[in-house]
Structure formats: C-alpha cells, structure tokens
Amino acid sequence: MAMCVMGKIGSSNWKTLILRLRGVITEEEAKNMTYPHGKEYWQENGTLYFYKRPERLKMIETIERDYYKVTFVRDPLSRMLSAYRDKFTGTSEEHMFKVYRSKRAYDMCKSLEDLILLKPDGDLIPDEIYRYMSTELERHCSNKKEKFVSLGIFFLIFIFMPQDFNGDLLKDLIVNTHFNDMLSLCGHCRIKYDFIGTVETMDRDYEFLRHRLGIEYNLPKIESTQLGVMSKEGVKTMWDNIPHLMKQYIYLFLSNDANAFGYNGYNTKLNKSALPNHYERRTNCDTWY
C-alpha cells in the first residue's frame, strides 16, 4: 500500500498506523503516540518527502505501477473549520501560530486593517463584505492587547487578500497543507487511486482496507494535544454568525474540492470571477477515480 496523507483527514491516526505496520514503533508506543509527524520517524521510513527529486520521480513510477494506492478526503468546510480550530485557537507556546499575544495575530489584524483602508475603486469585494471586515476588526483587533484571529478574520484574509499584498502572510496560509485544497495535495487529477475513502465513513472504509490488504491492527485514535483549543460548538457558533454573503464566497472558494469528491451544499450563484486572482492558482479538476 502507498498512501497520500493530507492534513485534517485523520493524519495522526494514519501515520501512527503506518509506523506500526512498518515496525518503526511497537504496539505500546502506538497506543501512547501523541505526535507521529516528526521527521525522526519518517526520514528513513518510507515517505517521498525525503527522497531527492530523481529518486522521488522513480519511486512515484514504481508506486503507480505496483502499489495499491489509497487516500482519504473530507467535507471541505468541515476540514477548513477543523484546521482553523486546531491552528488558530490553541494557547500553548509550541502552538503553530501562538494566537494569543502573538505576532501572527497582530499581522492578520493589521492586514485586515490595511485591506479595508486600501480598498480600490471598482474592487470586486462588495460593500457588504467590507462592512463585515470593519465589524470583525473592531470586535477582535482594535485597541486590544490580546488580538484574536476570529473565524471571520481568517476567512476574510484567506479569501480576499490580493496575491501581491503582504505576500508572506498569504503564502503562509495558502502553502500550509492544513489549509490547502485537497486536489492540489495528492495529485488526484493525475494518479489513478485504487481507493479514496472519506473521513465521514472512515470506520467502514478502514474495515474494507483491513480485509483487502490483510491489516491486522485497528486504526489508532490519536487525540489532539493542542492546549486551549476552542470547542467544536464554539467554532460552529462563529460559523453560524458569519453573514450569508460571506458564506457564499466561502462555498465558492471550496467548491473545487466539493465538486471533485461529491460533497453537496456548495452551490452558489456567485461566479468564480468574484474571487481574487490568487484563487486561480488552485487546481481545477473534477476527475473522480
């Protein structure tokens, strides 16, 4: 088996299982695993990331020819909300963005402020969205020592920031694999996968794989070790409070993945031309293997 493991599709569980199957960790270590992503586990244990390019291309040819190819996908909005919760609401010092009292939160608030102040005439972003930007800026950023990257701020910057505006911040978000669209991560348009499962049916799909591939272990269930993350109910409340028009932009932004993998509810009357230029860098592929 060769598996493409994406962020926010149960990657900790899958990586722990693969390490166990390869004999890198013991059964007891698998039970107590909290962070199976470190390169000390993978540098010499079967991930293409650490191969040099010529070796990587040769290995990909072998995988495509000889391996049972597997990947999993997830409802795009659910995946994005989970990534926001995990990466933007934790409070531990090791946390990826150190949201509270962090430079990252300050940068995002400042970018939102600049985006409002620099609104060009004839810009594609409607006045209703700019009013929402102003509300989020006042509520979570202005005159506060502790900045907070709300779900609204996250989506506003992720979707509407121009490609050539504060590029480092935009790059951090778009390149980060937790937020990147699934189509661009695992080559679904090019590789003919033998099995594509979903997070929503993971238990049933894994039982199929166990019998198909003769796997003797149960799929591990690794709990998040992030400290102070917001509850799922709290994130849902923030989502419910996002204006209808803003949600339409978000559905449009996520529609490539939704259409490719058969997730419903992403239809919108907005045209893709309503999105900033950087959206066009996202993969457009509707092939389902």
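A cavity is a set of points, on a 1 Å grid over the protein atoms alone, where a 1.4 Å probe fits but cannot get out. Its volume is the space filled by probe spheres set on the points, which are joined across faces, edges and corners. The model toured here is predicted, so local features need pLDDT of at least 70 and side-chain atom pairs count only at pLDDT 80 or more, whereas totals for chains, interfaces and linings use all residues. Residues are numbered from 1 along each chain as its sequence is written, and side-chain values use heavy atoms, with hydrogens and water left out.

**First stop: the cavity**

The structure holds 1 cavity of 30 Å³ or more, and the largest cavity has about 50 Å³ of space. Select Pro76, Arg79, Met80, Asn180 and Leu254, the closest to its centre of the 11 residues that line it; a lining residue has an atom within 4 Å of a point. Next, display helix 5 (76-88) and helix 12 (244-261), each of which supplies at least two lining residues. Helices here are DSSP runs of H or I with at least four residues, and strands are runs of E with at least two, numbered from the N terminus. Helix 5 gives the largest share of the lining, 3 residues.

**Second stop: helix 7 against helix 12**

Select Glu128, Ile129 and Tyr132 in helix 7, which meet Leu245, Met246 and Tyr249 in helix 12, contact being heavy atoms within 4.5 Å.

Now show the open sheet of 3 strands, ordered 1-2-3 with parallel pairing; strands pair if DSSP finds at least two bridges between them. Strand 2 (residues 69-73) and strand 3 pair over 4 bridges. Finally, select Val73 and its bridge partner in strand 3, Thr198.

Technical notes: On a 1 Å grid over the protein atoms alone, a cavity is a set of points where a 1.4 Å probe fits but cannot get out, and a pocket is an open set with protein on both sides within 12 Å along at least five of seven lines; lining residues have an atom within 4 Å of a point.
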